[in-house]
Amino acid sequence: MTDMDRLETTPAIELVHVSKHFEAFTAVHDTDLAIGEGEFFSLLGPSGCGKTTTLRMIAGFEQPTGGEIRLKGKDITAQPPHLRNVNMVFQNYALFPHMTIFDNVAFGLQVRRLPGEEIRERVLAALEMVQLTGMVTRKPAQLSGGQQQRVALARALVNRPAVLLLDEPLGALDQKLRKEMQLELKDLQREVGITFVYVTHDQEEALTMSDRIAVMSAGHVLQVDAPRAIYEHPATRFVADFIGVTNFLDGRLVSSDGREAVVEVDRVGALRAGPRPEMTAGQPVTVAVRPERMRLAAGGNEDNGVAGTLEEIVFVGNDTHYFVRLGGGPRVMVREQNQVPTDQGVPFEPGQSVTVAWAIASTTLLRE
């Protein structure tokens, strides 16, 4: 099923004008979201942006102050958590330390008093999904962090929920294991076909795993789109700054016709970007360019070529970061991949005059 197909059918989860107030504080502002069937959907933003509160409202652990939450078209706003066909996986796993792995996964089914043979079949199938079939008799303390995370996933999946909610589930893992689990989790989601709603503050994690991402700040959803679209075409300065690294150059829009826009940046000069007919000549705008879209040259020109002074060179393994002062004004970072071993030398030196060049297609215009 494609992303378009998911959105053309009844959404798995729908938020309609949902808000949440804690006395005078508004955690979530008048939010509309439609999450497609079988979609891996991430809520991304810094701490305190409202993403976990949104997830807890979907789970039923928080009641919205206003608005409506729908599960497959049915209003579940007032429904208690245990009656919603959703399951939640927490960062701390919440496993029972005195129980075996089998009993941890079976717990929810036992509470529902399912027949013993059905419980056994479903538990073993869930553990097979997460590659833990040989550990049914172990206790949580005998497992690694990654294995405990898999048990928590199996315990949620064994109930066959319509939607699985995940609140920073990889946050307790070290970086290497976290990256491995990102790919495993995405593969698992594709295999089971269940809608995942995933909360994270990690931009790379969201870009790696998601079909679509909702970027949140201060209780507002600023942009909802596919990872590549959010990275290449951020809707706001916050999104551009939060997703990856971006160079910002503040200026004034001089003109914008059907072919291109021209922006005047103080102490830099005129820069060219794609057309923005909705913007008005004379208004303040911000030019945003990703560091890897820029290149250094001792001379020459592209759509945009600005003279500057190379101030600093930072080696970071795969890449080298060049920090350039443009025309005595703003400083930008240029990121270039190391094509040859850097112990053979770098083609530039601090203090050197250089040209920073980039294409119109790599230039995003944002309202300040």
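Two residues count as in contact when they have heavy atoms within 4.5 Å of each other. In this predicted model, residues 24 or more positions apart make up 65% of the protein chain's contacts with a separation of 6 or more.

**The whole chain**
- The protein chain contains nine helices and 20 strands.
- Its C-alpha trace spans about 75 × 50 × 40 Å along the principal axes.
- Of the 368 residues in the protein chain, 48% are buried.
- The chain's accessible surface is about 17,300 Å², and carbon and sulfur atoms account for 49% of that.
- On the charge side, there are 37 positive and 47 negative side chains, with the centres of the two sets 4 Å apart.

**A five-strand sheet**
- Five strands line up in the order β15-β19-β16-β17-β18, forming an open sheet with antiparallel pairing.
- From one strand to the next, the twist averages 45°.
- β15 pairs with β19 (residues 353-358) in the antiparallel sense, over three bridges.
- Leu296 stands opposite Val356 in β19.

- You'll find Val199 in strand β8 (residues 195-200).
- Buried means under 20% relative accessible area, and Val199 has 0%, so it counts as buried.
- Leaving out residues up to four places away in sequence, Val199 touches several residues, including Leu43, Lys51, Leu166 and Pro169.
- Val199 and Thr53 are 146 residues apart along the chain, while their C-alpha atoms are separated by 10 Å.

Conventions: Residues are numbered from 1 along each chain as its sequence is written. This is a predicted model: local features need pLDDT of at least 70, side-chain atom pairs count only at pLDDT 80 or more; totals for chains, interfaces and linings use all residues. Side-chain values use heavy atoms; hydrogens and water are left out. Two strands pair if DSSP finds at least two bridges between them. Helices (H or I, at least four residues) and strands (E, at least two) are DSSP runs, numbered from the N terminus. Axes are lines fitted to C-alpha atoms, for helices over the stretch in contact, and angles run from 0 to 180 degrees between N-to-C directions. Buried means under 20% relative accessible area, exposed over 50%, partly exposed in between (1.4 Å probe, protein chains only). Accessible areas come from the Shrake-Rupley method with a 1.4 Å probe; for residues, only the protein chains shown count as cover. Lys and Arg count as positive and Asp and Glu as negative; His and the chain ends are not counted. The place of a charge is taken as NZ of Lys, CZ of Arg, CG of Asp or CD of Glu.
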